[in-house]
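User: Hi! I'm new to this one, could you walk me through it?
Analyst: Happy to, here it is.

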Amino acid sequence: MLTGGVHLLIDGQLSQPLSMTRLSSFLRHFPAYIHMHRFTDPMVYSVLGGCAGIVGIAESHIAIHVTGDLVWVDVFSCKDFDTERAAAAIQCLLRMSLCHTRVLARPMQEGGLTLNPSPYPRQYEPASMAQ
């Protein structure tokens, strides 16, 4: 089996508030730390009593959502990366006091993706996407 990508998911509790400025700075600099290539500026928003941010990387994306002292981090890459090193840096840089980390591999088989038939018939496709 080949890997189709790595998905690093971290749910945590912050030991101190995460400002939008610090979140933006993290998203701007972290991709280089894990040897990825940022192609967008970070987009950071104030949402639902917290903040959220995302940055596009050539290999996929990094997204973070914060509500109060809770934080959810999502790093996906179609290229393998050192998930233990990345998780340790995220926990340190975002100042997490507690966290739960998961790493998911997106499997592929020789010759392409292993896909199942979609449960959604084409009749549900929005007209704007049908062309």
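User: What share of the residues in the protein is buried?
Analyst: Buried residues (under 20% relative accessible area, 1.4 Å probe, protein chains only) make up 34% of the 131 residues. This is a predicted model: local features need pLDDT of at least 70, side-chain atom pairs count only at pLDDT 80 or more, and totals for chains, interfaces and linings use all residues. Residues are numbered from 1 along each chain as its sequence is written, and side-chain values use heavy atoms, without hydrogens or water.

User: Thanks! In what order do the elements run?
Analyst: From the N terminus, the order is β-α-β-β-β-β-α-β, with helices (H or I, at least four residues) and strands (E, at least two) taken as DSSP runs numbered from the N terminus.

User: Switching topic: where is E59?
Analyst: E59 sits in the loop between β3 (50-57) and β4 (60-67).

User: And which side chain of opposite charge is nearest to E59?
Analyst: That is K79, 4.4 Å away. Buried E59 has no salt bridge, which would take a side-chain nitrogen of Lys or Arg within 4 Å of a carboxyl oxygen of Asp or Glu. Lys and Arg count as positive, Asp and Glu as negative; His and the chain ends are not counted.

User: Which residues is E59 in contact with, leaving aside neighbours within four places in sequence?
Analyst: H35, M36, H37, F76, S77, C78 and K79, where contact means heavy atoms within 4.5 Å.

User: Last one: where is V47, and is V47 buried or partly exposed?
Analyst: V47 belongs to strand β2. V47 is partly exposed, because its relative accessible area is 33%, and partly exposed covers the range between buried and exposed (over 50%).
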